[in-house]
Amino acid sequence: MNAESKLSMLAPAFDVERVRRDFPILSQSVHGKKLVFLDSAASAQKPRAVIDAMTHAMETQYANVHRGLHWMSERTSDAYEGVRDKVAGLLNAPSREEIVFTGSSTGAINLVAHSYGRGILKPGQAVVVSEMEHHANIVPWQMLRDAHGIELRVLPITEAGELEMAALPGLLADGRVGLVAVTHMSNVLGTYNPVSRIAQLAHEAGALLLVDGSQAVVHRAVDVQALGADFYVFTGHKLYGPTGIGVLWARMALLDAMPPFMGGGDMISSVSFERSSWAKPPSKFEAGTPAILEAIGLGAAIDYVQAIGMDAISAHEAELTDHALSRLSAIEGLQVIGRAQDRGGVVSFTLEGAHAHDVATLLDRNGIAVRAGQHCAEPLIRRLGLTSTTRASFGIYTTREEIDFLADTLVRVKGFFQ
Amino acid sequence: MSGADTFQDARSLYQDIILDRGRNPRHMHRLDPFDARAQGENPMCGDQIEVRLGFTSDGRVADAAFEGRGCAISLASADLMADVVRGRTRAELHALAAAFGTLARTGDAPLADAALDALRPLSGVSEYPSRVKCATLPWNALLAALDAGPGGA
């Protein structure tokens, strides 16, 4: 046996049916129909490995972390801290100490907005966000603007649903921008943004770059060093992990300089009534008992996707997205929203004569779960001249047959409302 | 097989009168002049319905119309609402709105009023918890308009 065939035995081709067997929920029925789950961009389903890791911890090895001088606490601390290594590996972060656990992406962005925003940015400086941001990457900056005298600037999008990169130098030109905060991949348009180029432009203007990786980290390998980002955030539950656990990665020099966000246990090195001193990062930003079980679940999710391979996952999803775009575009009266060159497994659309909520209700009656509405991106939906869209989003377990069923059912939905 | 047949179990929600009123609302136009108006908004879906009312000298609704964007359920509900509000006092409309809210949530409501019977085609929404707010959106706008003057709410 030559080396190549040995390798192909070790790394079998992506087998979606095998993947599906790892997700217990996929055998469920909805309204008596087979579940077709096309809402992974809102929250992904969980593989057996994640469910078992969390259950196993609760059944066999659980105590609070970083506190007890007993076996259970030490083992649980090992498991919790082990996940920090896994996350550092997933993002290719230079150091495990640069990984801060939060409750969600929203929690991570709020941490940066409070700590970096109020602690380091000066009134009169500006933050740039894009027109395609999720509310989680708009509202914290608005709150910072109102509380701290920061100007909020908006990078527009093109008709195709890509960032208007030509407008960025102008927004950065006066040198007052301290931070650019953009999504790596739009949760509505599917657009992947040219983050490395944005990093370069931001840095040339003396600004830092925060990247919201909530969608992107699920679909492609992410290398924060290659991207040139300064902050990168994502959430566990979209990456086949549990809810309640998110991640902030930031350069150590930033984490060192930033004041704590929340105060409490675990984030101090010593406390007296006169003063307290802070622990080093990442502990400085992890006040209180953390989401221990959720972190363990996230660790299992990272192991799971890495065993399959991010490249295999992105190839599978790229094929699904191409198939969906060609099937859906062929439906008369259906308009796909967003025509970005570089895109991930999220397809939003409108259907002539049928409101997104009515579409979603009828799809649901056929077992198909999609999202309908504004997708927590109201400014984007308004910019597009819409009030709502229907969104189908794909995961590791999505099949071509499911997309065909979506397309066939949409044709019937259209007939229903005609 | 026609489109309608294949969604048989959704017909409790999308009865013929709902589909018809959603497609061709009778009262979807700008009422001008008017005595009161208010906007109802559903932030999750972005739907907006503005209700405008005219009153008689003794404080009954003389005319009602609406404008806006919404799904089949919210438009049909607004249209059926505009059908039944004429000639009603504020107190009667508050009672009717409360009864309609119960109808939408539970599928039934104890109010002996012919107007409520005209709204019963919307009772199927009770089987779709996420759609109840679509049916009640225009009623919330109506209540706000009853409380507001011509400046609106």
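Predicted model: local features only at pLDDT ≥ 70, side-chain atom pairs only at ≥ 80, totals over all residues.
As for bookkeeping, residues are numbered from 1 along each chain as its sequence is written, chains are lettered from A in the order in which they are written, and side-chain values use heavy atoms, with hydrogens and water left out.

**View 1. A salt bridge joins A:Asp358 and B:Arg131.** Their side chains meet at 2.8 Å, N to O. Polar contacts (a pair of N or O atoms within 3.5 Å, one able to donate a hydrogen and the other to accept it; residues adjacent in sequence count only if both atoms are side-chain atoms) link 9 residue pairs between chain A and chain B, both residues at pLDDT 80 or more.

**View 2. Helices H14 (356–365) and H16 (400–417) of chain A are the elements that give two or more residues to its side of the contact.** Helices here are DSSP runs (H or I, at least four residues) and strands are too (E, at least two), numbered from the N terminus. H16(A) has the largest share, 6 residues. The chain A side divides into 5 nonpolar, 12 polar and 3 charged residues, with Ala, Val, Leu, Ile, Met, Phe, Trp, Tyr, Cys and Pro as nonpolar, Asp, Glu, Lys and Arg as charged, and the others, Gly among them, as polar.

**View 3. Chains A and B bury about 1900 Å² between them.** That's accessible area (1.4 Å probe) lost on being put together, summed over both; 55% of it sits on carbon and sulfur atoms. A:His357, A:Arg365 and A:Phe416 supply 34% of what chain A buries against chain B, more than any other three residues. Contact (heavy atoms within 4.5 Å) takes in 20 residues from chain A and 26 from chain B.

**View 4. Four strands of chain A form an open antiparallel sheet, ordered E13-E14-E17-E16.** Strands pair if DSSP finds at least two bridges between them; E13(A) and E14(A) (346–351) share 4, and A:Ile337 has A:Ser348 as its bridge partner in E14(A).

**View 5. H13 (310–329) of chain A lies across E13 and E14 of chain A.** H13(A) runs at about 10 degrees to E14(A), with axes fitted to C-alpha atoms (helices over the stretch in contact) and angles from 0 to 180 degrees between N-to-C directions.

Terms used: Buried area = accessible area lost by both parts, 1.4 Å probe. Salt bridge = Lys/Arg side-chain N within 4 Å of Asp/Glu carboxyl O.
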